[in-house]
Amino acid sequence: MTDAILVLCTCPDEASADHLCEQLLNQRLAACINQLPGLTSVYRWQGKIERAREIQLIIKSRQPLFAELERCILAHHPYQVPEILAIPASQGHQAYLDWLTQETS
């Protein structure tokens, strides 16, 4: 078993995604973050169906850091209600998990 998590978070543009990634990495709250541009999100917001181009972040971190990671995202994210979803990683390549732990310690 591992305490590794994947945290999903969307950003409206490259500048906000880059800024958030730098904050998370500088504070050692994430070991690696993938930025997937070109995403179209369709969602309901304030009673209307919206469509937006976004960048999906896949943040590699650890469960004990989630509360602090969430606070960091909320402090630096431009959205009123940003996506912050943590998914546990039940297994993984041990060398990668060791590196993840080292980079977030």
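**Pocket lining, sheet and helix packing in the predicted model**

The lining of the largest pocket comprises five nonpolar, three polar and three charged residues, where Ala, Val, Leu, Ile, Met, Phe, Trp, Tyr, Cys and Pro count as nonpolar, Asp, Glu, Lys and Arg as charged, and the others, Gly among them, as polar. The model is predicted, so that local features need pLDDT of at least 70 and side-chain atom pairs count only at pLDDT 80 or more, whereas totals for chains, interfaces and linings use all residues. Residues are numbered from 1 along each chain as its sequence is written, and side-chain values use heavy atoms, with hydrogens and water left out.

A pocket is taken, on a 1 Å grid over the protein atoms alone, as an open set of points with protein on both sides within 12 Å along at least five of seven lines, and its lining residues have an atom within 4 Å of a point. The volume of the largest pocket is about 270 Å³, a volume being the space filled by probe spheres (1.4 Å probe) set on the points, which are joined across faces, edges and corners. Among the lining residues are Thr10, Arg44, Trp45, Glu54 and Tyr79, and strand β2 (residues 32-45) gives the most to this lining, with four residues; strands (E, at least two residues) and helices (H or I, at least four) are DSSP runs, numbered from the N terminus.

Four strands form an open sheet in the order β2-β3-β1-β4, with antiparallel pairing, where two strands pair if DSSP finds at least two bridges between them. The edge strands, each pairing on one side only, are β2 and β4 (85-88). Strand β1 (residues 4-11) and β4 pair over four bridges, and Ile5 stands opposite Pro88 in β4. Helix α1 packs on the sheet, touching β1, β2 and β3 (48-62), and its direction makes about 125° with that of β2; contact means heavy atoms within 4.5 Å, and angles run from 0 to 180 degrees between N-to-C directions of axes fitted to C-alpha atoms, for helices over the stretch in contact. β2 and β3 pair in the antiparallel sense over twelve bridges, with Arg53 in β3 as the bridge partner of Thr40. These two strands form a hairpin with two residues between them, and Gln46 in the turn has a positive phi of about 55°.

The axes of α1 (residues 14-26) and α2 (residues 66-76) come within 10 Å and cross at roughly 145°. This contact is made by His19, Leu20, Gln23 and Leu24 of α1 and by Leu69, Cys72, Ile73 and His76 of α2, and these residues divide into five nonpolar, three polar and no charged.
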